Amino acid sequence: MNDATGMPQSAVVIGGTSEIAGALLQALVRRRLRRVVLAGRDEQALAKVAAHLQAAGAEQATVMAFDVTEVAGHAAFAGEAARALGQVDMVLVAAGILGEQSESETDPEAAARVLTTNQTGPAAAMVAFAAELRRQGHGRIVVLSSVAGIRVRQANFVYGASKAGLDGFAQGLSDSLAGSGVSVTIVRPGFVRTRMTAGMDPAPLATTAEAVAADIVRALERGSPVVWSPPAMRWIFAVLRVLPRSLWRRLPG
Ligand SMILES: NC(=O)c1ccc[n+]([C@@H]2O[C@H](COP(=O)([O-])OP(=O)(O)OC[C@H]3O[C@@H](n4cnc5c(N)ncnc54)[C@H](OP(=O)(O)O)[C@@H]3O)[C@@H](O)[C@H]2O)c1
């Protein structure tokens, strides 16, 4: 069960090698987290993450092969992960790819890859885990959305659209779970320096995986349904959201 301060003791991570997920798991292991299922495509890399978590104090860190785009297996996977943990206090949905915008907007398969990895696959996984969490009567889904989905920019509109869809889906799921004991926390980071953004010029207010993790932990403690990271993004996007389109289009990419 999540304890009185909102801290989970068990967690499933979809995209277990994500750097943001890694920072959050380390922060949570320093609190109450003891049992983790790490799901993803690269089992060797996942095993390294598992070893780090165990060295930090986790009692169980189980690696499971999982591709978020293969939605037919999601229900069975959610059941298997729940059985491995006994109780699932938190499901962290971290899988995602940035894609190469020039490729994504010209190659249909590349566009579909970004949308399936960032939106369709994670949405299907949330549906599968929501059913498990409803059955247990408690638990929290934490999903890594992005400010890129709050107002989609031409410069990365395929990724932005995938996150807009994911964010909207998570909002609707959250409402549909009201009263079930299950909640959804939507995380909207700005530019985070991880391998996903390696080699890119940092955007204003660029942050780190550790800072995003600290913002998420604070939100779990407060029970906040939405996390902007850094928090100032909330106010920046309150303005950017209503900027006339003629101005929005002219903002630097
Ligand atoms: N970095 C940023 O600036 C930023 C900002 C806002 C939101 N986010 C979001 O935060 C999340 C984590 O990003 P990050 O910065 O930590 O980047 P990251 O380290 O590259 O993590 C991405 C994760 O997604 C996994 N993944 C990709 N395709 C997958 C698939 N088909 N099936 C299962 N797992 C898959 C990767 O696993 P593999 O090892 O198999 O590739 C990796 O674990 C993403 O959803 C990202 O969109 C990032």
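Helices (H or I, at least four residues) and strands (E, at least two) are DSSP runs, numbered from the N terminus. Residues are numbered from 1 along each chain as its sequence is written. This is a predicted model, in which local features need pLDDT of at least 70 and side-chain atom pairs count only at pLDDT 80 or more, while totals for chains, interfaces and linings use all residues.

Figure 1. Along the principal axes, the C-alpha atoms fill a box of roughly 55 × 35 × 35 Å. Of the 253 residues, 44% count as buried. A residue is buried if 20 or more other C-beta atoms lie within 10 Å of its own, exposed if 12 or fewer, and partly exposed in between, with C-beta atoms placed from the backbone. Among contacts with a separation of 6 or more, 69% join residues 24 or more positions apart. Two residues are in contact if their C-beta atoms, placed from the backbone, lie within 7 Å.

Figure 2. Two strands pair if DSSP finds at least two bridges between them. Axes are lines fitted to C-alpha atoms, for helices over the stretch in contact, and angles run from 0 to 180 degrees between N-to-C directions.

**Figure 3. Strand 1 and the pairing of strands 1, 2 and 3.** Five of the five residues of strand 1 are buried. On one side these are Ser10, Val12 and Ile14, and on the other Ala11 and Val13, so that both faces are covered. Strand 1 runs parallel to strand 2 and is joined to it by five bridges. Ile14 has Ala39 in strand 2 as a bridge partner. Strand 2 in turn runs parallel to strand 3, with six bridges between them. Here Leu38 has Val63 in strand 3 as its bridge partner.

**Figure 4. Helix 1 (residues 19–29) and what covers it.** Nine of the 11 residues of helix 1 are buried. They are Glu19, Ile20, Ala21, Gly22, Ala23, Leu24, Leu25, Leu28 and Val29. The covering elements include strand 1 (10–14), strand 2 (35–40), strand 4 (90–93) and strand 5 (139–144), together with helix 2 (43–56) and helix 7 (209–222).

**Figure 5. Helix 1 against helix 2 and helix 7.** The axes of helix 1 and helix 2 are 9 Å apart, and the two helices pack at an angle of about 20°. That makes helix 1 roughly parallel to helix 2. Angles under 35 degrees count as roughly parallel, over 145 as roughly antiparallel, 65 to 115 as roughly perpendicular and the rest as oblique. In this pair, Gly22, Leu25, Gln26 and Val29 of helix 1 meet Val49, Leu53 and Ala56 of helix 2. The axes of helix 1 and helix 7 come within 8 Å and cross at roughly 55°. Helix 1 and helix 7 are therefore oblique to each other. Residues in this contact include Glu19, Ile20 and Ala27 of helix 1, and Ala209, Val212 and Val217 of helix 7.

**Figure 6. Ala76 in helix 3 (residues 74–85).** Ala76 has 10 C-beta neighbours inside 10 Å and so counts as exposed. Its C-alpha atom is separated by 8.3 Å from that of Ala128, a residue 52 positions away along the chain.

**Figure 7. Leu205 and Pro230, two loop residues.** Most residues other than glycine have a negative phi, and most peptide bonds are trans. Leu205, in the loop between strand 6 and helix 7, has a positive phi, near 65°. With 13 C-beta neighbours inside 10 Å, Leu205 counts as partly exposed. Pro230 is in the loop between strand 7 and helix 8 (233–240). The peptide bond from Ser229 to Pro230 is cis, with omega near -5°.
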